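Please read them with the structure open beside you.

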Amino acid sequence: MILAQLPETFESHGVQWSSLLPLLILVGGGMTLLVVGAVAGRLPRGFYAAATVVIGLAAFVFAWVDWHRVNTDGAMPLVGSALSLDGFSVFFMVVIISSLVLAALLADDYLRRERLDGVEPYVVMILSAVGAIVLASANDLVVVFLGLETLSIALYVLAAVHRRRLESQEASLKYFLLGSFSSAFFLYGVALVYGATGSTNMGSVGRFLADNVLLENGLLLAGLALMFVGLAFKVSAVHFHTWTPDVYQGAPTPITAFMASASKAAAFAALLRIFYLTFQTYSVDWRPIVWVVAVLTLIIGSITAVVQTDVKRMMAYSSISHAGFILVGVEAATDRGTAAALFYVLAYSFMVIGSFGVITLVGRTGDSRHDVDDYRGLGRSRPVLALTFTVLLLAQAGVPLTSGFLAKFEVIGAAVDAESYAIAIIAMVASVISAFVYLRIVVSMYLVDASAETDGEGVRIPAGAGLALLVTVAFTLFAGILPNLVVDFARDAVPVLVAGP
Amino acid sequence: MLETEASLPFPLLTSIILLPAIGAVVVGLLPRWRTDLLRIAALVSAVATGALTVYLLTQFEAGADAEFQFVSRHEWIEALGVSWHLGVDGISLFLIVLTGILFPLALVGADPHHDVKPYLCWLLILEAGLLGAFMALDLFLFFVFFEIVLVPMYFLIGGWGYDNRVYAALKFFLYTMLGSAFMLVGILATAVLHQRATGGDLTFDLVEIANNADFATNTARWLFASFAVAFAVKVPLFPVHTWLPDAHTQAPTAGSVILAAIMLKLGTYGFLRFGLYLFPEAAVWFAPALVTLGVIGILWGAVCATMQRDLKRLVAYSSVAHLGFIVLGTFALTTEAVSGGVAQMINHGITTGALFFLVGFISDRRHTRQISELKGLQKPAPILAAFFTVAMFASIGVPGLNGFVGEFLVLIGSFVTRRWWTVVAAVGVILAALYLLWAYQRVFHGEPDEANASFPEMRLREGLVMLPLVGLMVFLGVYPKPMLERIEPAVDRLIAHVEQHTDYVAPEVPSGREEAQP
């Protein structure tokens, strides 16, 4: 039991400004960028993206400092235990900031290409990342909601960034309606949990449940269920996934990349922190629910992906199936399962950003060429880009020597360790079904002769996007071949419950 | 004195795996239009790899009592207990040498016709993966190699195959991947349960698990089943063999050669190395079922081969039948039968590899593989016909050629433990003669019609590819002792391992050895 390992007395450390630096840099940097964008006249091409990258990297450096602080001083509550600083939150800072930087690199050329360049998308993206980090490090259910809303509202705006594209508007509206609905579920759940335990602070709730046995736990279970709905929506688990294909397809592709990585990662962070950590004593109650949801997510995600012809929709359904895999790690309800889920989130973030990066480039002006047939002959016309996509797709399929394989290996290992053999086998079978989807794209790139159409522009690879793709592929291979560092990083990032006031 | 890698001047096994991989990288970096350079680079790395495998063969000690030789062990992923653990014994030795010899031949003997660079890259990656799979003594490492070979083969079939190649490539990939999905769960469960039983660290080390593990009977059976699914698809055993005829028929010549000669052996090798070694009790328990499937495969493959109109598909189905023999030998569980099975793996690799080369030569010339359109090729191409005859007789199992040795050992070894299965399997030998001779008759005999009269004779390059294979067929058929005396100690140890961990006792096979070695 994690609580037993806690020190007897746990002082509140006040605000701890220095540990908050990654967040402060993002907020401050975002605001400054907004002002600069409004005040300054013509700025050099790519300035906003470069500024976003610099802000992200600065935050990254301080996240690294935080990591060392956590490793020497242990986990600590911040801002009067509203946030907690532990390996877990730093891990997600790293994931989210990486997503932010890579998505900004992808967005740079995209926005100029679509004649949408401006400072606002970048600022909103930075703020959305702030929300995601708050969501991942929240130590209080109300703060979780705060982070969730900051993240989501920014994403609603981002989805609609393509003003002239009808699908973009539709995606935004759909996401907004369903998203606010699910947030309401979550909030209601928080209220019920507060009613049952007398606190919204995760540390206090966890301690209360460890010390007391509730004779009537209906209220608490209802609260848990409602919170699960809210988070399952965000991670796009079945049957709260129906928004995903439409929104992923409609949103501008670099934004989809950001959504699929940062937003999903943050939601999983909250899911793990709430369910695995705070309500560990109730794992007997929530594990079966997660089991069913995970199985449905795996099967429906992978099977529905097979019948798609739009690559963005394929990736959307595959992202649902990947969420199912991560849920398998959550379902194990062990440290090992959590570490596996973290590894998966990290590996998947890079794979999915890279994949949507390629899709951004192949979509060309108008962001419209997303049919599988649009990839025909890419292996011949753009061999390096095709090879990049192939590596990323094979990684998603779980082929060895890529991070995707190790992620699956870790998750299945955790499930087997928790003696959930059935779900392990279901997950592996689902991954074979998904493999068909990825191979279809590969087939189109290499094995089908290019169609005669030569209309319009070819696929360009701008420097920023090229760099982002290089980073994602390098990480995917590095974490697949020499995974020691990444595996240890995920293992050291298992969350710790920090006490409430 | 046992050879370990420490006593050699360089890590031999690791070099054998890395050499083709480096070759692939070099080929990948060379410019696409310098096809001559590309071919030379690929050939140099394949030949060097082959030379190293032959060196391995010469350094291998036939009578050593260690389980594995040239062992190389390094930590790879500490957190997961995964190590880079390689080793060779009599079972894997010849498969490695066969791989080393066949790849250069495949590079020389089969032309990709287009896109030389990626073709060579994929072939070399495939070689590295296959060699790794035969050497790996770590479950994780084995799985990595077992699975990674799918990717190059997928691209080879899909990119350079015949008309229906995309379908065949997909089917091949998904079938095999589905099989290995179960094995991955099995591998993880094996490691986790072993960790629980011993209380030590998590490890995927094959030797450690095999020697310490004491799985509950039922658990071991489930675990064996999860491995068996993957291997059965790979072998392929009836009824999961249906991917094979498609993959073989659609694959380019080099792909079919490698697929039949080496890749299928991953399945039978896996049964021996992992199935029998890790879960002896379960293997004994499952033996009747697997032997039955093997025998069904022998008959089914033979019957289907008889009915084929496509020469390549006929050879593909003959593979199903031959692999059935290997499975029968493996699960007959006598030293003779298992040794015969291992020898048959090598022999089938040589003969079927040769047959696929020859079919490839024919279809390159005539652009058809339909038996009905080929006629009287013996007249215009007597040398090719001669090579075909030898390979065919070896495949049928005519004494004096290599096919006989393995098949005979399997039959004689299985007869003691599985009498009636063996009787049925022996029918398969006759059927093999039937379908191969009949096919030969239709393709090579008679007066060639107009289209076949101008059939070009074998070129020097093709002859150079066939010569070593035919030489091996004759050598191993006449004098199999050097091979068998390296295989048998390893098999003996394996059978002893099975006996030690179960109440199974392998019966004596009367005078099998003397007769098998003319």
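1. The buried residues of H2(B) pack against helix H1 (12-29), strand E2 (82-88), helix H3 (90-109) and helix H4 (116-135) of chain B. Helices (H or I, at least four residues) and strands (E, at least two) are DSSP runs, numbered from the N terminus. Two residues are in contact if their C-beta atoms, placed from the backbone, lie within 7 Å. The buried set in H2(B) includes B:Leu38, B:Ala41, B:Ala42, B:Ser45 and B:Ala46. Further along, B:Thr49, B:Gly50, B:Leu52, B:Thr53 and B:Leu56 are buried too. Buried means 20 or more other C-beta atoms within 10 Å of a residue's own; exposed means 12 or fewer, and partly exposed lies in between, with C-beta atoms placed from the backbone.

2. Helix H2 length. H2 of chain B covers residues 35-59. Its 25 residues should span 36 Å at 1.5 Å a residue, and the end C-alpha atoms are 36 Å apart, which agrees. The expected span is 1.5 Å times one less than the number of residues.

3. Basis and numbering. This is a predicted model: local features need pLDDT of at least 70, side-chain atom pairs count only at pLDDT 80 or more, and totals for chains, interfaces and linings use all residues. Residues are numbered from 1 along each chain as its sequence is written, while chains are lettered from A and ligands numbered from 1 in the order in which they are written.

4. Confidence. The model scores ipTM 0.89 and pTM 0.91. Chain B averages a pLDDT of 88, and 96% of its residues score at least 70. pLDDT is the predictor's confidence in each residue, from 0 to 100. Within chain B, helix H5 (residues 139-148) has the highest mean, 93. Helix H22 (residues 512-516) has the lowest, 49. Where pLDDT is low, the predicted coordinates should not be read in detail.

5. Chain B overall. Chain B has 22 helices and two strands. Its radius of gyration is 22 Å, close to the 24 Å that the globule rule gives for 518 residues, so chain B is as compact as a globular protein of that length. The radius is taken over C-alpha atoms; the rule is 2.2 Å times the number of residues to the power 0.38. Of the 518 residues, 62% count as buried. Residues 24 or more positions apart make 80% of the contacts with a separation of 6 or more.

6. Chain A overall. Chain A comes to 19 helices and two strands. A compact globule of 501 residues would have a radius of gyration near 23 Å; chain A has 22 Å, which agrees. Buried residues make up 63% of the chain. The C-alpha atoms of chain A fill a box of roughly 70 × 55 × 40 Å along the principal axes.

7. Interface. The contact takes 24 residues from chain B and 26 residues from chain A. On the side of chain B, H5, helix H6 (150-160) and helix H7 (165-198) each give two or more residues. H7(B) supplies the largest share, 13 residues. By class, this side has 20 nonpolar, two polar and two charged residues. Ala, Val, Leu, Ile, Met, Phe, Trp, Tyr, Cys and Pro count as nonpolar, Asp, Glu, Lys and Arg as charged, and the others, Gly among them, as polar.

8. A:Leu271. A:Leu271 lies in helix H10 (residues 253-278) of chain A. A:Leu271 is buried, with 23 other C-beta atoms within 10 Å. Not counting residues up to four places away in sequence, A:Leu271 touches A:Leu231, A:Val235 and A:Val330.
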